[in-house]
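Subject: Structure handover

Hello,

Here is the structure I said I would pass on. My notes on it follow below.

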Amino acid sequence: MDPEAARTARDSLDLVFHMSNILETGLDRHTVSILIALSEMGLNPESLAAVVKELRRESPPSSASGAPSP
């Protein structure tokens with residue numbers, strides 16, 4: 001990837017991640033990057049959103065202290 005294309009991709013990710021934070025999605029930068037890549041590969045963004053919601057529903061809530069629950 002040439003430097004200009006790399007800078008454009010990085011700027012685009014920065015913008016999308018910033019929008020994600022404004023919308024309080026709770027997604028980290030790496031996850032946003034993966035979702036963008038999947039979308040660019042042709043996966044339906046609405047389907048990706050549904051998968052993220054389902055995975056959140058299935059995963060147990062983490063504790064604030066980071067210690068395992070008894």
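The protein chain exposes about 5,800 Å², of which carbon and sulfur atoms supply 62%. Please keep in mind that this is a predicted model. Of the 70 residues in the protein chain, buried ones make up 10%.

The fold first. Notes on each part follow.

Helix H1 covers residues 3-22. Ser20 is part of helix H1. Is Ser20 buried or exposed? Its relative accessible area is 7%, and because buried means under 20%, Ser20 counts as buried. The C-alpha atom of Ser20 is separated by 8.0 Å from that of Val32, and the two residues are twelve residues apart along the chain.

The loop between H1 and H2 holds Glu24. Glu24 is not a glycine, yet its phi is positive, at about 55°. With a relative accessible area of 72%, Glu24 is exposed, because the cut-off for that class is over 50%.

Helix H2 takes in residues 29-40. Its twelve residues should span 16 Å at 1.5 Å a residue, and the end C-alpha atoms are 16 Å apart, so the two values agree. At the start of H2, the backbone nitrogen of His30 has a side-chain oxygen of Asp28 within 3.2 Å. Gly42 follows H2 and has a positive phi, near 110°.

How do the axes of H1 and H2 cross? They come within 10 Å and cross at roughly 115°. H1 is therefore roughly perpendicular to H2, and the crossing of the two helices is right-handed.

H3

Helix H3 is made up of residues 45-58, 14 residues in total. From its first C-alpha to its last, H3 reaches 20 Å, which is close to the 20 Å expected at 1.5 Å a residue. The N-terminal end of H3 is capped by Asn44, with a side-chain oxygen 2.7 Å from the backbone nitrogen of Glu46.

Regards

Methods:
Residues numbered from 1 in each chain as written. Predicted model: local features only at pLDDT ≥ 70, side-chain atom pairs only at ≥ 80, totals over all residues. Heavy atoms only, no water. Buried < 20%, exposed > 50% of the residue type's maximum accessible area, 1.4 Å probe, protein only. Areas by Shrake-Rupley, 256 points an atom, 1.4 Å probe, with all protein chains shown as cover. Helix = DSSP H or I, 4+ residues; strand = E, 2+ residues; numbered from the N terminus. Expected span 1.5 Å × (residues − 1). Polar contact = N/O pair within 3.5 Å; in protein donor to acceptor, adjacent residues only side chain to side chain. Axes fitted to C-alpha atoms, helices over the stretch in contact; angles between N-to-C directions. Parallel < 35°, antiparallel > 145°, perpendicular 65-115°, else oblique. Left-handed = near helix turned anticlockwise from the far one by under 90°.
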